[in-house]
Protein chains: 4
Amino acid sequence: MADLSLEQADIIGRVALERARAGNSQPLTVVVLDAGGHVKLARREDGSGIARFDIAHGKAWGALGMGISSRGLAARAAKMGTFFTALAAVTEGRMVPVPGGVLIRDGGNRIIGAVGISGDTSDVDEACAVAGIEAAGLAADIEER
Amino acid sequence: MADLSLEQADIIGRVALERARAGNSQPLTVVVLDAGGHVKLARREDGSGIARFDIAHGKAWGALGMGISSRGLAARAAKMGTFFTALAAVTEGRMVPVPGGVLIRDGGNRIIGAVGISGDTSDVDEACAVAGIEAAGLAADIEER
Amino acid sequence: MADLSLEQADIIGRVALERARAGNSQPLTVVVLDAGGHVKLARREDGSGIARFDIAHGKAWGALGMGISSRGLAARAAKMGTFFTALAAVTEGRMVPVPGGVLIRDGGNRIIGAVGISGDTSDVDEACAVAGIEAAGLAADIEER
Amino acid sequence: MADLSLEQADIIGRVALERARAGNSQPLTVVVLDAGGHVKLARREDGSGIARFDIAHGKAWGALGMGISSRGLAARAAKMGTFFTALAAVTEGRMVPVPGGVLIRDGGNRIIGAVGISGDTSDVDEACAVAGIEAAGLAADIEER
């Protein structure tokens with residue numbers, strides 16, 4: 001029942017990008033937030049675009065904001081466009097409802113943070129996030145609910 | 001013909017969440033605003049996401065902003081998307097046009113505040129807000145007009 | 001080693017304002033934030049000004065932001081005016097470096113949240129916050145460091 | 001004559017915090033920006049406050065913004081308060097004119113990025129940034145000019 005540690009975040013950020021290189025993906029940016037939505041770790045690969053930090057951050061922040069993976073947010077946004085436009089405004093643009101934002105749960109199923117990745121397709125982004133979280137011995141939650 | 005009191009807001013916030021627990025809803029956040037759109041009371045249940053305060057606030061603020069429940073705003077937003085995009089901008093993102101923002105009226109039909117709830121489906125959110133308002137001996141206005 | 005619960009926040013908000021009434025203070029607003037700086041509870045007494053929520057929020061947020069009570073921030077601000085002007089800007093005005101923002105520590109000395117109060121003199125505001133935190137069985141940290 | 005690489009940024013972020021631990025400093029946050037002012041790397045130690053990312057970012061961004069270390073900015077701010085208030089506004093609060101923001105120069109004396117650190121005294125923050133930059137085989141510029 002501990003908070004997300006920098007040691008765990010380092011593992012997530014390292015393994016996520018190793019997975020990206022092994023899969024020969026586009027250059028990625030990975031952002032790891034704690035449960036309060038504050039940056040624990042960020043790494044932007046060489047060649048990853050200058051908006052990628054904000055996008056990765058928004059995927060992770062959105063997941064925490066609603067307590068659901070950004071894959072779940074994407075599914076809802078497709079049905080409730082007006083609500084998500086309002087959400088973008090009310091959160092001052094901090095939510096990006098596209099797959100690649102994954103909740104981090106500890107052994108007690110408590111949300112202790114989230115990972116956001118941007119740079120390749122959403123599915124690739126998400127797979128790298130999941131790989132990082134699992135390498136840190138934590139549970140990756142990508143459910144749509 | 002008095003303003004909304006903290007005593008009334010406390011009842012609203014307590015009963016709304018009791019109703020949520022009785023109905024086994026997702027963790028909610030309730031925000032009660034006075035007629036000027038300023039926080040009188042807020043309560044965020046354990047496990048309710050970090051964007052929930054802003055969303056609940058935006059539902060209540062939007063209702064006061066237009067003098068119509070957020071259910072009514074949702075109906076209009078569906079027909080007037082461009083107008084609501086402009087509203088989001090002009091209010092600096094303070095309006096969330098989705099059910100769950102309920103106007104509070106006193107015995108003289110005067111608007112004395114609004115309740116916003118976020119966390120479960122919009123219908124559940126709204127039902128909990130109505131329960132709280134009525135428990136405080138006030139009238140809940142969810143009309144679409 | 002648990003997060004701040006709504007049950008604890010309710011006690012803090014109730015006892016802080018009971019203390020204010022017992023001491024016949026000016027109308028207060030109390031805001032309780034979790035460790036991530038997000039609202040768990042807020043209560044604004046009748047007659048408490050419309051800026052009081054933002055001020056109380058800023059005292060609590062500032063304490064969490066720097067990991068030091070807002071009394072400590074006030075002491076530093078007196079010596080480092082330019083830095084605090086920059087802090088106000090970089091945090092988008094979320095820090096209010098005046099006494100009345102008190103860190104909440106659990107039995108393991110971990111910061112699990114903060115209370116901000118505004119409405120009377122800073123010393124009265126702070127005393128009410130401390131009373132609430134201690135009533136919840138938690139430790140109030142007002143050190144200047 | 002290459003851009004700052006993630007490999008170099010990783011070394012900076014690792015060595016800066018190793019230096020902090022060796023010196024028993026307060027928990028720090030380190031942010032490494034590229035020449036365009038965009039995050040390459042960020043690491044926030046356990047217990048480092050929730051405003052520390054923004055502050056560290058602001059030190060590094062300010063250094064890049066004016067092409068002078070944040071130590072130099074601090075010296076100027078002491079003499080030109082009004083100008084720095086305007087700078088805070090025009091940059092939307094992105095500049096923090098306090099030591100701890102250090103320019104990174106390559107072998108050709110070209111600015112290729114900046115490091116910002118926050119958490120301990122400004123002098124300690126700056127010393128850790130310098131240690132990290134030098135460990136990466138780059139030049140740390142803390143001149144006041």
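Tutor: Let's begin with the open sheet, in which ten strands follow the order β5(B)-β3(B)-β4(B)-β1(B)-β2(B)-β2(C)-β1(C)-β4(C)-β3(C)-β5(C), with antiparallel pairing. Strands here are DSSP runs of E with at least two residues, helices are runs of H or I with at least four, and both are numbered from the N terminus. Two strands pair if DSSP finds at least two bridges between them. The model is predicted, so to speak of local features pLDDT of at least 70 is needed, and side-chain atom pairs count only at pLDDT 80 or more, while totals for chains, interfaces and linings use all residues. Residues are numbered from 1 along each chain as its sequence is written, chains are lettered from A and ligands numbered from 1 in the order in which they are written, and side-chain values use heavy atoms, leaving out hydrogens and water.

At the edges of the sheet sit β5 (139–141) of chain B and β5 (139–141) of chain C, each pairing on one side only. Neighbouring strands are turned by 20° against each other on average, direction ignored. For a look at one pair, take β3 (residues 101–105) and β4 (residues 111–118) of chain C: they run antiparallel and are joined by five bridges. Within this pair, L103(C) has A114(C) as its bridge partner.

Now for the helices. α2 (residues 52–66) of chain B packs on the sheet, touching β1, β2, β3 and β4 of chain B together with β2 of chain C; contact means heavy atoms within 4.5 Å. The direction of α2(B) makes about 150° with that of β4(B). Such angles run from 0 to 180 degrees between N-to-C directions, and axes are lines fitted to C-alpha atoms, for helices over the stretch in contact. Helix α1 (residues 6–22) of chain C also packs on the sheet, and its direction makes about 25° with that of β2(C).

Helix α2(B) has a partner in chain A as well: α4 (residues 81–90) packs with α2(B) at about 110°, with the axes 10 Å apart. The two helices are therefore roughly perpendicular, a term for angles of 65 to 115 degrees. Where they touch, F83(A), L87(A) and V90(A) meet D54(B), I55(B) and G58(B).

Notes. Angles under 35 degrees count as roughly parallel, over 145 as roughly antiparallel, 65 to 115 as roughly perpendicular and the rest as oblique.
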